[in-house]
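Subject: Structure handover

Hello,

Here is the structure we talked about. Please have it open as you read the notes below.

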Amino acid sequence: MAWLSEISIFMGEKEPKKASQLGILAFETAKTMSMLLSLYKSLSDEEMSRLRNAMKSEGIAYLNSKDEGFLLSLACAETLEDLDKVAAAVARLGQKCIDLGLNRFDLVYTDLKLGIADFGKLEYGSKKTEKRVAKMERLTGATAGLYTALEALAELEIYERKLKQWKNSTPTQLQKANFDDFSQKLEQQRKRVCRFREISLWSKTFDKSVSLMARLVCIVYARICSVFGPYIPVVPVKDQILPRSGPITSTSKPILVRFYSRKSEDISLVAKNNRVFHAAGPSTVGGSGLAMRYANVIQLAERYLDSAASVDHEERESLYQMLPENLKASVRIKLSKKMKRAEEDELLAAGWRDAMAEILRWLAPMANDTMKWQRERNFERMKFDSKPSSVLLLQTLHFSDKEKTEAAIAELLVGLSCIYRFENRRFE
């Protein structure tokens, strides 16, 4: 673990190799660094308290589980999996490092998870760690600035080529003056790009950048061990953990979701498996592949309920077509029963909106969190956001009981249909 103190190790070479700069890989590095910073912040005492409060919500308790141990086990497993993905990206970048420890960070991380590490030196929230975090935030911020500046420069250079063609075809004095002004603007943008390159990850070496991230990866893992305690599938020796704040405790018996083993695994493969995501069984919304679709249906129902205008036939039909066949049949059966009652007593129509609002009170937040989780985990987007992740899978519809969720959605759609029919009759 000598690399932790940032001592370079060269394998018998008389002179060290010249360290390479990140260059174009600065953007991939910044994205990885931002994900790591987000993980670090999501493990603060404040964020852990927020998670515990979220777990007590009515929707999660009714659709997902009331078992605190099960929910904490899911939270722990997903956090570890996210860290595995970051560690795999750090290991890939580490292969271009000169330092031996950084070059084989995959082995270092595996040893860390097996408990072969001194946790006493990996203090979450210490002044030294916070200083490192602040430095990483400055670097990712500058790299984000470089990305934006390069995009703007590319657009200006495209326009420059068009302007030159226009200038050569019909030259005038005014056109020459406009072109000179544009050239000055273009030159300023090029200088801005150069300045961002100097202060961003673009000009930093692989060793320096990976060293910053590698140590924080270890600190985050140590924090996960101290915070989640018995819910972590692979826990190092207890005496090695030195938490700066108390771990999550629970009165319920821990129910571990075993996604990991003590075998030495290739972290690049582990990171691609998405084991937590695929752990949802066939009786769940996520296991049936319906989480995003149902989230969309719930959000549309909420929008239509809040709309001042009546929901027209085309909107209702479009919403209805989003449903799988079994849910369509359920809606038809419920609707036929409701309509018979409604014919007898139109005063029931006033209660439909209240009934829908009550369901949406606990169901809509889970649908919104489902969409938010998808946006936050979309790794393909080029983003450098280091804010703590606001949603875990346990807060979404992914692990929700499919039968209960579909029953609630059916009630919402029946309510919309009843409101639509009553309001149309009223204005006839």
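Trp373 has a relative accessible area of 12%, so this residue is buried (buried means under 20% relative accessible area, exposed over 50%, partly exposed in between, with a 1.4 Å probe and protein chains only). The rule: rings of Phe, Tyr and Trp (its six-membered ring) pair if their centres lie within 6.5 Å; planes under 30 degrees apart are stacked, over 60 edge-to-face, and the rest tilted. Phe277 sits in the loop between helix 10 (267-273) and helix 11 (291-306), and Trp373 in helix 14 (residues 349-376), so the pair ties together parts 96 residues apart in sequence.

Some ground rules. This is a predicted model, where local features need pLDDT of at least 70 and side-chain atom pairs count only at pLDDT 80 or more, while totals for chains, interfaces and linings use all residues. Residues are numbered from 1 along each chain as its sequence is written, and side-chain values use heavy atoms, with hydrogens and water left out. Helices are DSSP runs of H or I with at least four residues, numbered from the N terminus.

Aromatic pairs

The count comes to 9 aromatic pairs. One of them joins Tyr109 and Tyr221, edge-to-face, at 6.5 Å centre to centre and 70° between the planes. Tyr109 belongs to helix 6 (residues 105-113) and Tyr221 to helix 9 (residues 206-228), so this pair links parts 112 residues apart in sequence. Both tyrosines, Tyr109 and Tyr221, are buried. Elsewhere, ring pairs connect Phe27, Tyr147, Trp202 and Phe384 into a cluster.

Charges over rings

Trp202 also has a charge over its face: Arg197, 4.6 Å from the ring centre. The charged end of Lys404 sits over the Tyr62 ring, 4.7 Å from its centre. The test is NZ of Lys or CZ of Arg within 6 Å of the ring centre and within 35 degrees of the ring normal.

Helices

Helix 9 has 23 residues, and 22 of them are buried. From first C-alpha to last, helix 9 reaches 32 Å, close to the 33 Å expected at 1.5 Å a residue (the expected span is 1.5 Å times one less than the number of residues). Ile224 is in helix 9. At 0% relative accessibility, Ile224 counts as buried. Ile224 and Leu80 lie 144 residues apart in sequence, yet their C-alpha atoms are 7.6 Å apart. Gly229 follows helix 9, with a positive phi near 50°.

Helix 1 (residues 26-42) is also mostly covered, with 14 of its 17 residues buried. Its span is 24 Å, close to the 24 Å expected.

Helix 7 (residues 127-169) holds Leu150. At 23% relative accessibility, Leu150 is partly exposed. Its C-alpha is 9.1 Å from that of Arg192, 42 residues away along the chain.

Finally, a helix pair. Helix 2 (residues 45-55) packs on helix 4 (residues 68-94) at about 135°, with axes 11 Å apart. Axes are lines fitted to C-alpha atoms over the stretch in contact, and angles run from 0 to 180 degrees between N-to-C directions. Helix 2 and helix 4 are therefore oblique to each other (under 35 degrees is roughly parallel, over 145 roughly antiparallel, 65 to 115 roughly perpendicular, and the rest oblique).

Best wishes

Notes. Helices (H or I, at least four residues) and strands (E, at least two) are DSSP runs, numbered from the N terminus.
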